[in-house]
Amino acid sequence: MREILTLGRYFKKVFGQRVRKIPVSLQGFTCPNIDGRVARGGCIYCCNESFSPSLIKINPLATRIKMHTDLKENPILDMQVKQLKEQFIWHSDFHKEKFEIQKYMIYLQSYSNTYAPFATLKTLFDEALALPNVVGMSIGTRIDCVSEDILDLLEGYVRAGKEIWLEYGIQSVFPKTLELINRGHGIDGAQDLFAKTRKRGIKVCAHLIYGLPQESEEMMLESLRAVVGWGVDGLKLHPLYVVRNTALAKMFKNGEYTPISLESYANLIVRSLQEIPQDVVMHRMSSGAHDEMLLAPKWCFDKNIQMRYIRERLREVGLEY
Ligand code: SF4
């Protein structure tokens with residue numbers, strides 16, 4: 001049986017102990033695919049609240065101020081720093097008490113977390129990395145939201161001994177699919193960006209979605225092979241699921257979209273893990289929404305059932321997740 005290099009195993013290898021990712025969602029952050037700078041409405045499946053339960057609404061001012069790269073002043077920066085600290089303390093205390101976890105990675109998860117004025121990003125990243133027992137940071141973003149300045153900033157943290165990951169949402173390498181899901185960017189430049197990021201010692205995690213509309217299993221595997229070929233340190237694979245109040249929900253209700261089955265998804269995961277190089281860290285390969293927002297597929301309601309089934313399929317081919 002070969003053990004897959006999960007994020008947990010990787011952290012243990014690198015830090016000699018368990019490290020927990022602490023998800024942080026800061027108010028005011030958005031995405032150029034939502035605010036109109038690239039497109040409006042976002043990706044057809046996007047409903048950020050369903051991905052980020054800790055997005056807490058504290059201050060009405062923050063619902064009006066939205067981050068973007070050219071924002072001259074950020075009047076909610078102090079509030080964002082406060083949110084960052086509060087969310088970190090809440091989660092880290094919980095994991096310390098319940099699981100005796102001593103080290104943490106900050107995970108900036110919701111929306112595009114490099115889409116803000118440089119000074120705001122620097123303040124927030126500095127604050128995040130100065131929190132007690134924080135060994136690094138993982139930042140979720142888009143390939144059109146990362147500048148040389150940001151890479152330089154992150155490289156500085158790497159040089160200071162922190163572990164920095166950029167998590168790039170790729171989803172598919174097929175331009176037709178990216179257009180269909182209203183991704184707001186193509187795929188040109190992604191390979192170069194991965195190389196530039198890794199050259200600085202910043203680790204790259206590529207996100208791919210299986211089950212996008214009008215994609216065959218072979219297309220999904222082709223996307224995987226492409227990003228692996230570009231060079232990645234980690235991968236996050238997940239099934240597409242439909243949540244209420246999204247464009248995808250409309251397509252689903254009109255019969256224009258059929259969600260992927262658990263059997264097909266598990267088969268894809270088995271085939272993917274047989275191909276992915278053994279030193280690539282598997283950040284995640286399950287996903288779901290544990291609430292009434294989820295429309296379909298129903299198997300995405302319970303990640304434990306999902307993972308149990310996938311683990312069994314993997315064991316059949318000698319892989320231990
Ligand atoms: S890139 Fe992310 S945050 Fe932006 S619209 Fe797509 S899913 Fe939503």
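**The α5/α6 pairing**

Mentor: Helix α5 (residues 118-130) and helix α6 (residues 148-159) have axes that come within 11 Å and cross at roughly 20°. Helices here are DSSP runs of H or I with at least four residues, strands are E runs of at least two, and both are numbered from the N terminus. The axes are lines fitted to C-alpha atoms, for helices over the stretch in contact, with angles running from 0 to 180 degrees between N-to-C directions. So α5 and α6 are roughly parallel to each other (angles under 35 degrees count as roughly parallel, over 145 as roughly antiparallel, 65 to 115 as roughly perpendicular and the rest as oblique). The crossing of α5 and α6 is right-handed, meaning the near helix is turned clockwise from the far one by less than a right angle.

As for who touches whom, α5 brings F118, L121, K122, F125, D126 and L129, while α6 answers with D149, I150, L153, L154 and Y157; contact means heavy atoms within 4.5 Å. Sorted by class, this contact of α5 with α6 has eight nonpolar, three charged and no polar residues (Ala, Val, Leu, Ile, Met, Phe, Trp, Tyr, Cys and Pro are nonpolar, Asp, Glu, Lys and Arg charged, and the others, Gly among them, polar).

The C-alpha atoms of I89 and I22 are 9.5 Å apart, across 67 residues of chain.

Bear in mind that this is a predicted model, where local features need pLDDT of at least 70, side-chain atom pairs count only at pLDDT 80 or more, and totals for chains, interfaces and linings use all residues. Residues are numbered from 1 along each chain as its sequence is written, and side-chain values use heavy atoms, leaving out hydrogens and water.
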